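Thank you all for making time this morning.

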Amino acid sequence: MKKAFTLLAAIILALSFAGCSFTSEERIKLRDLDFTILSEDVVPDELKTIIDERMTEPFKLTYSDNSNLYICIGYGEQSTGGYSITVNELYLTDNAIYVNTSLLGPENGSNEKSAKSYPYVVIKTELLDTTVIFE
């Protein structure tokens, strides 16, 4: 009985150490990134073409020129207008840029037309050579 208990204790101890080695790396925010939300008329032409081709379905993409990084998030076809998008977070870690947005629906009782809409946001920020993670 004592051997079984010792063996069981050793197995539990070994599993607890093994569990520690599989924990995910903690994400440490280095800094928030400054950004600008671009209106449709100032989006670079090449990027606007890409967005126009994809806007009927949800999309997430990045685009860069020689001086800026553009992070684009589209929510696909919606049955009405009146939607807006908010940027909840945009920050840098050691190995990535993290972005989190939310689609806000039209207010109840709003007089939005029943025409379909294709809400998207284009976020312009500094050009950094790192991966963008969409949350």
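Predicted model: local features only at pLDDT ≥ 70, side-chain atom pairs only at ≥ 80, totals over all residues.

Let me begin with a definition: rings of Phe, Tyr and Trp (its six-membered ring) are taken as a pair if their centres lie within 6.5 Å, and planes under 30 degrees apart count as stacked, over 60 as edge-to-face and the rest as tilted. Residues are numbered from 1 along each chain as its sequence is written, and side-chain values use heavy atoms, with hydrogens and water left out.

How many aromatic pairs does a search of the whole structure find? The search finds two. In one of them, Tyr63 and Tyr70 are tilted, with 5.9 Å from centre to centre and 50 degrees between the planes. Both Tyr63 and Tyr70 are buried, where buried means under 20% relative accessible area, exposed means over 50%, and partly exposed is in between (1.4 Å probe, protein chains only). The pair of Tyr91 and Tyr98 is stacked, at 5.4 Å centre to centre and 15 degrees between the planes. Tyr91 counts as buried because its relative accessibility is 6%, and Tyr98, with a relative accessible area of 12%, is buried as well.

These two rings also have charged side chains over them, by the rule that NZ of Lys or CZ of Arg is within 6 Å of the ring centre and within 35 degrees of the ring normal. Arg27 lies over the face of Tyr98, at 4.0 Å from the ring centre, while Lys29 lies over the face of Tyr91, at 5.2 Å from the ring centre.

Lys29, which is partly exposed at 41% relative accessibility, meets Asp32 in a salt bridge with 3.2 Å from N to O. Another salt bridge is formed by Glu126 and Arg31, whose closest N and O atoms are 3.0 Å apart. Because Glu126 lies in strand β7 (residues 120–126) and Arg31 in strand β1 (residues 31–32), this pair ties together parts that are 95 residues apart in sequence. For the element names, helices (H or I, at least four residues) and strands (E, at least two) are DSSP runs, numbered from the N terminus.

A further salt bridge joins Lys48 and Asp52, at 2.8 Å from N to O. The two residues are four apart in helix α2 (residues 45–54), and are therefore separated by about one helical turn. Salt bridges that share partners join Glu40, Lys48 and Asp52 into one network.

Seven bridges join β3 to the antiparallel strand β4 (residues 68–75), and a hairpin through three residues connects the two. Within this pairing, the bridge partner of Leu61 is Cys72.

There is also an open sheet of four strands, with the order β1-β5-β6-β8 and mixed pairing. Since β1 and β8 (131–134) stand at the edges, each with a single partner strand, one side of each is left without a neighbour in the sheet. Four bridges join β6 (residues 96–104) to β8, and these strands run parallel; Ile97 has Val132 as its bridge partner in β8.

Leu92, found in strand β5 (residues 84–92), is buried at 13% relative accessibility. Leu92 and Asp32 are 60 residues apart in sequence, yet 6.3 Å apart in space, C-alpha to C-alpha.

Finally, a word on confidence: pLDDT is the predictor's confidence in each residue, from 0 to 100. The chain averages 85, and 76% of the residues score at least 70.

Key
Salt bridge = Lys/Arg side-chain N within 4 Å of Asp/Glu carboxyl O. Pairing = 2+ DSSP bridges.
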